[in-house]
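Hi,

Here is the structure I said I would pass on to you.

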There are 2 protein chains.
Amino acid sequence: MTPVNLKSLAEQLHLSIATVSRALRDSHEVSEATKVRVRALATALNYEPNAYASSLRRNVSKTIGVVIPKVANHFFALAINGIEEAARQSGYHVLIYLTHDDYAREVAIVQHLKGGRVDGLLMSVASGTEDFAHIKSLKDTNLPIVFFDRVCAEVATAKVTTNDYESGYQATEHLLQAGCRTIAHLLISNNLSIGQFRQQGYLDALTAHGLTPDPDLVLNGVMDNEQNVALIRELLQRRPDIDGIFASVERLAISAYHVCKELGRRIPEDIKIIGFSNLEAASLLDPPLSTITQPAYDIGREAAKILIRAVEKKKDILPSQSLVLNSELFQRRSTASN
Amino acid sequence: MTPVNLKSLAEQLHLSIATVSRALRDSHEVSEATKVRVRALATALNYEPNAYASSLRRNVSKTIGVVIPKVANHFFALAINGIEEAARQSGYHVLIYLTHDDYAREVAIVQHLKGGRVDGLLMSVASGTEDFAHIKSLKDTNLPIVFFDRVCAEVATAKVTTNDYESGYQATEHLLQAGCRTIAHLLISNNLSIGQFRQQGYLDALTAHGLTPDPDLVLNGVMDNEQNVALIRELLQRRPDIDGIFASVERLAISAYHVCKELGRRIPEDIKIIGFSNLEAASLLDPPLSTITQPAYDIGREAAKILIRAVEKKKDILPSQSLVLNSELFQRRSTASN
DNA sequence: AGGCCGACTGAAAACGTTTGCGTAAATAAA
DNA sequence: TTTATTTACGCAAACGTTTTCAGTCGGCCT
């Protein structure tokens, strides 16, 4: 089977490769008559231009990369959904890379992306990442980058986030208003900027209500879920006075539910729980979980839009293009007043 | 800033481009001494080969495509996770395309992939797809394809699925043994092969237990979630004798939960529910949901492995390489006997 | 008639890499 | 010594596309 490319099309049409190429790109330099002929044969033979030849020649790949910790997480899944939508609308392809929150993997992925495989990058940094040299060095190759959710403060570019500080504040205040006095904060890794913001919101809400924050009530979760369950169990047993839990990430809220059931603590009578979560089934949990829900789809879509716009205009992305979308507090039974 | 490519490396090293290229690919045709020199400069300058030039020349992109209906679904998210893992291990990149169960989108995506952008394709067909000409035509370009979960029976290639018939049978039998006598089956679209298998398992289990299947109890869900809720509500009101629900897809199980709560039907006392689901929080629902859980991660990983093996060996993929992984039934309170 | 312009097309270079082939020197075999 | 063989490297073509440049042809203006 002869390959169907510009050359073969040109031969069959008794035209030059150049003319065929121009005809297909609808150039004004080619007569309408030949355009029609060319298009007819192209569709008849199911011609599709070779993406790599085109990318090589034009130095543009029409592809964006997405580097995220994981995909089996409703937040990131929704974000990808938004990203793919924005990309598709502009004719971009989406390459996915998972770091599994592992620093070494993130570095390897970023290094690989220097090969020019992508025109731009969307990134949510791994929680294990403390050194950002790899990202800076990628940025130095002039690759446009937009961070979303888990941003890297040290790199000057646009970031799409939620109002993490306010959300942490609101969640804590919500627990306080529901009558909690000893509120634990479960977060995942305090070197992540979002963790810090939420933590600060938590602290400020406590002091604003006349309470003194107790460092013993702040639990740093780890990667492994079972370990988290153990840590939470230990915390709840050591501090039976805890009457409220604010979980900065979905997984920890779920783990807290499991521990409470195991220890026989009733939700919300003994302990009230609120957590960041994009879980669709939150309202079906036992009891329905109060959540701070981030507009994950919009975050992904807006981040992709900013990136693609910059790629198309070949302009640098400025930190001033950053976007902060508001998350929403859904009050459900897990934080009902007694 | 001068570009760092083979040419610039060669100039600085006073070598030819060919030698530099061979040195980096560790060819035996180049002396160890020069290899060392070349590698040193390459790493010093952070050289990364241009992926598109390489792909064009070698006619290999080290990229696989993944075409799925959606990503905001725990099954597909886990599958992607497995796919990415297998791909990463073999140095492959993963392009993601979402069809949103829309036939037209699927066709457009498949057409686009003819441009040679990917070396192989993993696919779970859209539920709206009834004509498979686009897939066949893609297969005719010799692009290796492996289907997973939602397979296309008409295309001769490997398929990675779960034991859908047996699962449907088991789920139904499980409800029967829990005392149900009027069991509804909620499925998504009966033109999908998996729906048919599960439906057949459902039917056979009923007849095997001496019951006559009632077509009125089989509900075909649609895309829109709200419509599904309305349909289920209508069904439960029209047939108050229904005492068991088998949901072929997670979304329908969730919708059924909502409807039951709304109508005041107690689970499991009035109605028992079991559903296909990869929801992590299934055990935390109210009541905990009995599920048939597919090994989504493994499905993705195995499908990717089969695909990549075929790509590397440049051998056709045979239907005989198909794999059937077993799903697992988790019995929880939603199907507890009264 | 000469010059000019616009419409259309083709030749060829370029993108960065890989690779078949050639070749020179060095080594081994005869 | 001559003749193979090996080693190490360079030349140049090729992958399929895009784009610059040059060219042809007819028509229009002065």
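Predicted model: local features only at pLDDT ≥ 70, side-chain atom pairs only at ≥ 80, totals over all residues.

Below is what turned up on the cavities, the domains and the DNA strands.

**Cavities**

I'll go through two of them.

The largest cavity comes out at about 330 Å³. It has 24 lining residues, and those closest to its centre are Asn73(A), Arg150(A), Ser248(A), Val249(A) and Glu250(A). If you want to find it by secondary structure, α5 (74-89), α9 (193-208), α11 (250-263) and β10 (290-293) of chain A each put at least two residues into the lining. The largest share is from α9(A), with 3 residues. Sorted by class, the lining of this cavity is 9 nonpolar, 8 polar and 7 charged residues.

The second largest cavity holds about 280 Å³ of space. Its lining consists of 20 residues, and nearest the centre are Asn73(B), Phe76(B), Arg150(B), Val249(B) and Glu250(B). The elements giving two or more residues here are α5 (74-89), α9 (193-208) and α11 (250-263) of chain B. In terms of class, I get 7 nonpolar, 6 polar and 7 charged residues for this lining.

**Domains**

Chain A splits into domain 1 (6-49), domain 2 (59-161 + 296-325) and domain 3 (164-294 + 329-335). Where does the largest cavity lie relative to domain 2 and domain 3 of chain A? Both domains contribute residues to its lining, so the cavity lies between them. The C-alpha centres of domain 2 and domain 3 of chain A are 29 Å apart. At their contact, 16 residues of domain 2 of chain A meet 12 residues of domain 3 of chain A.

Over in chain B, domain 2 (61-162 + 296-325) and domain 3 (164-294 + 329-335) each give at least three residues to the lining of the second largest cavity.

**DNA strand D**

Around DNA strand D there are 26 residues, the closest being Leu6(A), Tyr47(A), Arg57(A), Thr19(B) and Arg22(B).

A few atom pairs to click on:

- Leu6(A): a polar backbone atom is 2.6 Å from a phosphate oxygen of DNA strand D.
- Ala53(A): a backbone N or O atom is 3.4 Å from a base nitrogen of DNA strand D.
- Arg57(B): a polar side-chain atom is 3.2 Å from a base nitrogen of DNA strand D.

**DNA strand C**

DNA strand C is also surrounded by 26 residues, and the closest are Arg22(A), Glu29(A), Leu6(B), Tyr47(B) and Arg57(B). The surface near it takes at least two residues from each of α2 and α4 of chain A and α2 and α4 of chain B. By class, that surface has 10 nonpolar, 9 polar and 7 charged residues.

The pairs I looked at here:

- Thr19(A): a polar side-chain atom sits 2.8 Å from a phosphate oxygen of DNA strand C.
- Leu6(B): a backbone N or O atom sits 2.6 Å from a phosphate oxygen of DNA strand C.
- Asn50(B): a polar backbone atom sits 3.4 Å from a phosphate oxygen of DNA strand C.

Cheers

How values were computed:
Residues numbered from 1 in each chain as written. Chains lettered and ligands numbered in written order. Heavy atoms only, no water. 1 Å grid on protein atoms, 1.4 Å probe; cavity = no way out; pocket = protein on both sides within 12 Å on 5 of 7 lines; lining within 4 Å. Points joined across faces, edges and corners; volume = space filled by probe spheres on them. Helix = DSSP H or I, 4+ residues; strand = E, 2+ residues; numbered from the N terminus. Nonpolar A, V, L, I, M, F, W, Y, C, P; charged D, E, K, R; others polar. Domains from an automatic or database assignment. Near = heavy atom within 4 Å. Polar contact = N/O pair within 3.5 Å; in protein donor to acceptor, adjacent residues only side chain to side chain. Contact = heavy atoms within 4.5 Å.
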